[in-house]
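Hi,

Here is the structure I promised to pass on.

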Amino acid sequence: MEIFIDSADVAEIRDVAAMGVIDGVTTNPTLVARTGRSLREVIVEICEIVDGPISAEVISTDYEGIVREGRQLAALHRNVVVKVPLIAEGLKAVRTLASEGIRTNVTLCFSAPQALLAAKAGATYISPFIGRIDDAAGDGMALVEQIVGIYRNYGLRTKVLAASIRHPVHVVQAARLGAHAATVPHKVIHQLLSHPLTDVGLARFLEDARRSPGGGRG
Ligand code: G3P
């Protein structure tokens with residue numbers, strides 16, 4: 001499974017990139033706004049840090065505007081994936097961008113039929129928003145299961161990118177269901193790697209090593 005970090009904070013991105021555990025980055029207008037920097041500046045810097053798909057979102061909602069922004073974003077770097085909202089004008093733009101070889105990540109997906117249409121339009125990735133569905137008392141992971149199943153039934157090549165991940169169990173469930181990718185906040189990536197028994201075990205080993213001749217060093 002591809003693991004992306006869902007962040008526009010370059011310090012967070014550098015932290016997880018150094019561990020070699022991420023394949024790409026997703027951003028959205030909210031995450032970029034938090035940085036106080038321009039989208040262009042942030043995306044260019046992220047592309048220098050991570051050599052993988054970097055999602056940058058358009059803010060137009062009409063076909064011409066989405067295509068124009070999409071081309072501009074794609075021109076920033078070969079790794080840019082244009083994030084497009086799941087609306088009719090968005091799917092028209094996805095079709096055009098796909099015909100030009102520009103990859104897209106169709107975002108704000110909350111239903112299986114939306115995901116089916118995004119794949120038909122030629123989306124590279126579909127982003128079902130798991131956490132926001134759960135927040136509304138729905139079952140976000142059931143949506144991932146439906147989309148993965150539908151895409152498999154028909155050999156659709158769009159990749160399922162589990163988004164709006166809130167905790168480690170979301171990542172595990174998405175992986176078990178066969179989602180191609182998950183985009184995970186920085187905090188959750190650290191939650192994925194930590195375990196209290198690892199900390200307890202390490203503390204014990206270090207304590208025992210200090211009592212050994214030479215302090216446990218070779
Ligand atoms: O980037 C899209 C998605 O991951 C947003 O997540 O936490 O704002 O629902 P969240």
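This is a predicted model: local features need pLDDT of at least 70, side-chain atom pairs count only at pLDDT 80 or more; totals for chains, interfaces and linings use all residues.

The protein has eleven helices and eight strands, and its C-alpha trace spans about 70 × 35 × 30 Å along the principal axes. Of the 218 residues, 45% are buried.

Now the charges. There are 23 positive and 23 negative side chains, and the centres of the two sets lie 3 Å apart. Side chains of opposite charge can pair when their charged atoms come close. Here the count comes to twelve salt bridges.

- Glutamate 45 pairs with arginine 14, with the closest N and O atoms 2.9 Å apart. Glutamate 45 sits in helix 3 and arginine 14 in helix 1, so this pair ties together parts that are 31 residues apart in sequence. Glutamate 45 is buried at 19% relative accessible area, while arginine 14 is partly exposed at 42%.
- Lysine 92 meets glutamate 89 at 2.7 Å, N to O. They are three residues apart in helix 5, so about one helical turn separates them.
- Arginine 166 pairs with aspartate 135 at 2.5 Å between the closest N and O atoms. Arginine 166 is in the loop between strand 7 and helix 9, and aspartate 135 is in helix 7.

Also, Arg14, Arg37, Glu41 and Glu45 are joined into one network by salt bridges that share partners.

One last thing to look for: Met19, Val21 and Leu193 form a nonpolar patch on the surface, with about 240 Å² of accessible area together.

Cheers

Key:
Residues are numbered from 1 along each chain as its sequence is written. Side-chain values use heavy atoms; hydrogens and water are left out. Patches are made of residues with over 30% relative accessible area and no salt bridge: like charges are joined within 9 Å, nonpolar side chains (Val, Leu, Ile, Met, Phe, Trp, Tyr) within 5 Å. Accessible areas come from the Shrake-Rupley method with a 1.4 Å probe; for residues, only the protein chains shown count as cover. A salt bridge is a side-chain nitrogen of Lys or Arg within 4 Å of a carboxyl oxygen of Asp or Glu. Helices (H or I, at least four residues) and strands (E, at least two) are DSSP runs, numbered from the N terminus. Buried means under 20% relative accessible area, exposed over 50%, partly exposed in between (1.4 Å probe, protein chains only). Lys and Arg count as positive and Asp and Glu as negative; His and the chain ends are not counted. The place of a charge is taken as NZ of Lys, CZ of Arg, CG of Asp or CD of Glu.
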